[in-house]
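Here is a note for a colleague opening this structure for the first time. The points below run from the overall fold to single residues.

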Amino acid sequence: MPIYETLARYSDLSFEAAFAVYLLALVLFVAEFAAVRVRRTAPVPVAASPSGSAVSADAPGRIAEPPRREVSDRLGRMGISVLVVALILHIGSMVLRGLATSRFPWGNMYEFVTVTCAVGVLAGLIVLRRPALRVLWAFALIPVLILLFIAGTVLYADAAPVVPALQSFWLPIHVSVVSVSSGVFLVSGVASTLFLLALKAEKRPHTRLARLVQRLPDARALDRLAYRTTIFAFPLFGAGVVLGAIWAEAAWGRFWGWDPKETVSFIAWVIYAAYLHARATAGWRETRAAWINIAGFVATLFNLFVINMVVSGLHSYAGLN
């Protein structure tokens with residue numbers, strides 16, 4: 001068997017192993033989430049002081065702390081360790097595929113989605129490193145696993161050279177910037193979705209949803225997480241659009257031609273710009289801004305799947321046929 005076929009086979013095995021380990025990490029994070037105690041103010045035992053006033057039997061004048069979440073912390077630390085192993089396998093599958101094809105491994109939708117998910121996990125490891133935010137992995141890993149499943153089944157393409165139009169030094173530059181920004185947008189979209197659920201639970205505190213959301217960080221913390229990750233990803237995404245225009249001029253003789261991919265990319269950029277503006281505007285900075293952020297992520301997914309797989313254009317390089 002030729003060496004490139006062997007490397008491609010090991011790449012596929014590493015991808016499958018990464019998916020299985022990600023699934024195990026999700027189970028651990030869900031178990032951690034279930035083990036988290038809902039924070040409540042505990043009643044303070046009191047005793048009579050010599051002067052007749054009531055004081056705390058443990059620490060006068062202080063509110064009793066909630067019980068330590070030893071079980072959930074242990075599960076969360078195990079989940080992070082397993083997640084790191086999964087990410088190493090994930091990155092290994094991309095490296096092996098690149099060696100098998102003698103090119104950067106993001107020349108079709110399978111490879112692009114794989115890279116984007118890896119970036120999303122890496123971004124999550126950075127921004128969700130605090131124990132208070134670690135429970136968000138129980139939700140952030142769900143879209144990652146869904147995207148990886150679609151990539152490994154519907155979008156899978158054999159390791160092979162790219163079409164001549166993509167054989168350019170602009171490919172790794174343009175696609176890597178877009179994939180990094182898309183991966184960070186994934187974290188932002190999950191945070192905004194949970195923020196909206198947290199606000200809804202605050203208005204109906206006695207529902208099952210409220211009891212579930214009380215295990216999450218504060219709604220304002222989720223909103224700040226979505227905002228800060230979007231601030232990081234937004235200029236990167238804009239740079240990716242600009243770099244794509246420069247590549248288009250070199251490949252097709254024009255910077256911009258309102259190709260479907262270009263058009264929807266511009267629309268997504270405008271939506272994210274509107275989110276950042278709304279987030280800083282009184283009256284819009286909560287639910288309305290969060291919905292705009294979610295709309296931006298939906299536009300990104302639409303651009304990835306519908307435009308590449310349904311609409312015909314100059315950017316139709318899905319690698320599915």
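1. **Elements.** Helices (H or I, at least four residues) and strands (E, at least two) are DSSP runs, numbered from the N terminus. On that basis the protein has nine helices and two strands. Their order from the N terminus is α-β-β-α-α-α-α-α-α-α-α.

2. **Basis of the values.** The model is predicted: local features need pLDDT of at least 70, side-chain atom pairs count only at pLDDT 80 or more, and totals for chains, interfaces and linings use all residues. Residues are numbered from 1 along each chain as its sequence is written, and side-chain values use heavy atoms, with hydrogens and water left out.

3. **Burial and surface.** The protein has 321 residues, and 46% of them count as buried. Accessible areas come from the Shrake-Rupley method with a 1.4 Å probe; for residues, only the protein chains shown count as cover. The protein's accessible surface is about 16600 Å². Carbon and sulfur atoms hold 67% of that surface.

4. **Contacts along the chain.** A contact means heavy atoms within 4.5 Å. Take the contacts with a separation of 6 or more: 78% of them join residues 24 or more positions apart.

5. Which residues does Thr300 touch, leaving aside its neighbours within four places in sequence? They are Ser182, Ala268 and Tyr272. Thr300 itself sits in helix H9, residues 287-309. It counts as buried because its relative accessibility is 12%.

6. **Salt bridges around Glu111.** A salt bridge is a side-chain nitrogen of Lys or Arg within 4 Å of a carboxyl oxygen of Asp or Glu. There are six in the structure. One of them joins Arg97 and Glu111, at 2.6 Å from N to O. This pair links distant parts of the chain: Arg97 is in helix H2 (residues 70-101), Glu111 is in helix H3, and 14 residues separate them. Both Arg97 and Glu111 are buried. Glu111 also forms a salt bridge with Arg103, with the closest N and O atoms 2.9 Å apart. Arg103 is buried as well.

7. **Other salt bridges.** Arg254 and Glu262 pair through their side chains, at 2.9 Å from N to O. Glu262 has 8% relative accessibility, so it counts as buried. Elsewhere, Glu32, Asp73 and Arg134 are linked in a salt-bridge network.

8. **A positive patch.** Patches are made of residues with over 30% relative accessible area and no salt bridge; like charges are joined within 9 Å, and nonpolar side chains (Val, Leu, Ile, Met, Phe, Trp, Tyr) within 5 Å. Lys and Arg count as positive and Asp and Glu as negative, while His and the chain ends are not counted. The place of a charge is taken as NZ of Lys, CZ of Arg, CG of Asp or CD of Glu. Arg129, Arg130, Arg224 and Arg228 form a patch of positive charge on the surface. Arg129 belongs to the loop between helix H3 (109-127) and helix H4 (137-153). Its relative accessibility is 61%, so Arg129 counts as exposed.

9. **Ala132.** The loop between H3 and H4 also holds Ala132. Is Ala132 buried or exposed, or partly exposed? With 46% relative accessibility, Ala132 counts as partly exposed. Ala132 and Arg215 lie 83 residues apart in sequence, yet 9.8 Å apart in space, C-alpha to C-alpha.

10. **A nonpolar patch.** Trp258, Phe266, Ile267, Trp269 and Val270 make a nonpolar surface patch of about 480 Å². Trp258 lies in the loop between helix H7 (219-252) and helix H8 (260-279). Trp258 counts as exposed because its relative accessible area is 53%.

11. Ser102 is in the loop between H2 and H3. At 69% relative accessible area, Ser102 is exposed.

Technical notes
Buried means under 20% relative accessible area, exposed over 50%, partly exposed in between (1.4 Å probe, protein chains only).
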